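Here's a quick briefing on the pockets and a couple of helices in this one. Have a look at the model first, then read on.

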Amino acid sequence: MYRLLIVDDEPVIVNGLVQLFQDNSEFELDIRKAYSSSEALEIAKKTKLDILVSDIRMPQKNGLQLVDEIVYYWPLCRVIFLTGYSEFDYVYEAIRKNVDNYILKTEGIEPIFQAVKAAVDKLDEENRRRLQLEKAQMHYQIASSFLKREMMERVLSGESITSILNNVRYKDVEFGIALDRPSFFLVGILNRLDDPKFKMPPSVQRIFHDHLPASIACEEVIYDDRVFIWLLQPDEGLLNRFRSGYPDQGVNWPGIVAYMRGVLEPVQNECDELLNVCVSFGISGDLLNHWESIHLQVEAVRSMILKRALLGQHMLILDLEKLSQLEDTMHKAGGIEQEDFKTLIIEQIHQFVQENLSGDISLTSIAAEVHLNPSYLSRYYKQTTGQNLLEYIQSTKLHVALQLMKNTTLKLNEIAIRVGFESPSYFTTFFKRKMGLSPQEYRNSK
């Protein structure tokens with residue numbers, strides 16, 4: 001499933017396009033929306049984007065400037081511009097930026113559908129080429145330095161990384177992580193290996209490195225063909241994009257973690273599709289000033305991933321610094337049955353939706369709450385409940401709206417906002433499609 005972001009400073013256009021795409025059965029897209037370039041960039045910082053449909057003329061940062069930012073995070077994102085203007089300068093600049101399409105708003109919805117369909121076809125072709133390349137390389141081992149592996153294993157067994165790096169034995173080893181700058185580790189665990197003769201680690205490594213941005217330095221080690229440890233360090237350019245705006249407040253680390261979740265999502269999807277193997281990940285917090293406890297943190301993440309695997313959950317993306325109440329419950333209870341665990345996960349999803357109904361309840365945000373890959377979450381929820389997650393969200397919105405209309409004197413536009421509709425007209429369309437009459441007609445009938 002590809003992710004489409006629609007951006008325009010006119011909410012009626014954004015909401016109309018979202019509805020039209022959702023109603024078009026030809027598309028299977030995870031649709032996000034933004035009413036400004038700044039809002040779009042916040043989404044790009046924490047969510048992988050595949051297709052961007054954007055107005056070219058917006059206040060503060062126009063569509064052309066927005067593209068430069070989006071492709072920094074997601075270089076493979078396809079771009080389609082919408083505009084009410086046809087000036088040559090805009091068209092020329094769009095072509096120069098290798099934009100897929102440039103559509104006048106007056107042309108209607110069909111050209112937009114066609115442009116998105118073409119973008120999806122291009123993404124499919126790019127994925128096919130990447131998978132073909134991976135198949136061609138699958139049986140080749142990636143050479144690794146014996147000394148670097150030994151050094152990493154000593155660090156992860158509890159030895160001081162500072163003393164190891166000062167050891168004359170490793171003086172010629174090029175270690176690409178600076179201990180005096182923000183860094184984090186990533187634990188990856190393969191949940192199944194169907195064919196013990198098949199050399200899986202090199203394939204997983206290549207897929208990981210294919211998606212790892214050039215702005216993040218990496219050192220790695222593999223344990224027993226199942227467990228990977230990566231030490232990762234964002235460069236200054238990436239860190240600066242996640243600084244909070246005040247030098248003394250440092251880096252917005254949750255933003256870095258959210259961005260990394262977006263990077264890991266396609267890694268997991270490709271491993272599942274190409275290798276038929278599920279990979280779960282755990283992400284640490286900033287290791288700066290915490291290097292000496294890295295072995296304890298790695299073991300904590302590894303243990304949590306294995307516990308969830310035993311409970312039938314795969315394709316995890318655990319955030320070590322955002323341990324949910326669910327992990328606490330599991331730890332205190334000392335164990336939990338698989339069916340009870342499924343019930344807890346579904347309850348956690350439902351609680352998150354209900355508590356954030358007026359905010360962000362996208363598939364990405366829900367997945368982050370329960371530490372799962374978004375695509376896997378969608379399948380997991382359907383298999384566990386028999387219902388699509390989107391259906392549950394929409395039924396919850398409708399139920400809350402009906403209760404508010406029945407039990408309060410709130411205005412309809414206030415109710416619309418309470419249930420997550422910025423546009424009253426979009427709320428009216430949604431309500432009428434579900435109930436067969438408008439909100440005002442419904443309220444008048446009571």
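Helices (H or I, at least four residues) and strands (E, at least two) are DSSP runs, numbered from the N terminus. This is a predicted model, so local features need pLDDT of at least 70 and side-chain atom pairs count only at pLDDT 80 or more, while totals for chains, interfaces and linings use all residues. Residues are numbered from 1 along each chain as its sequence is written, and side-chain values use heavy atoms, with hydrogens and water left out.

**Largest pocket**

- A pocket here is an open set of points on a 1 Å grid over the protein atoms alone, where a 1.4 Å probe fits, with protein on both sides within 12 Å along at least five of seven lines; lining residues have an atom within 4 Å of a point.
- The largest pocket has a volume of about 1,300 Å³, a volume being the space filled by probe spheres set on the points.
- Its lining has 40 residues, and Gln22, Asp30, Ile31, Ile361 and Leu390 lie nearest the centre.
- Helix 16 gives the most, with six.
- By class, the lining of the largest pocket splits into 18 nonpolar, ten polar and twelve charged residues; Ala, Val, Leu, Ile, Met, Phe, Trp, Tyr, Cys and Pro count as nonpolar, Asp, Glu, Lys and Arg as charged, and the others, Gly among them, as polar.

**Second largest pocket**

- The second largest pocket holds about 1,200 Å³ of space.
- Of its 44 lining residues, Tyr2, Lys48, Asp50, Asn127 and Pro266 are closest to the centre.
- At least two lining residues each come from several elements, including strand 1 (2-7), helix 5 (109-137) and helix 10 (253-275).
- This lining has 21 nonpolar, seven polar and 16 charged residues.

**Helix 10**

- Just after helix 10, Asn276 takes a positive phi of about 55 degrees.

**Helix 11**

- In helix 11, the buried residues include Ile294, Val298, Met304 and Arg308.
- Seen down the helix axis, the buried residues of helix 11 fall within an arc of 130 degrees (directions from the axis to the C-beta atoms), so they line one face.
- The face turned away carries Leu296 and Leu310, both exposed (over 50% relative accessible area).
- Just after helix 11, Gly312 has a positive phi of about 85 degrees.

Definitions and conventions
Buried < 20%, exposed > 50% of the residue type's maximum accessible area, 1.4 Å probe, protein only.
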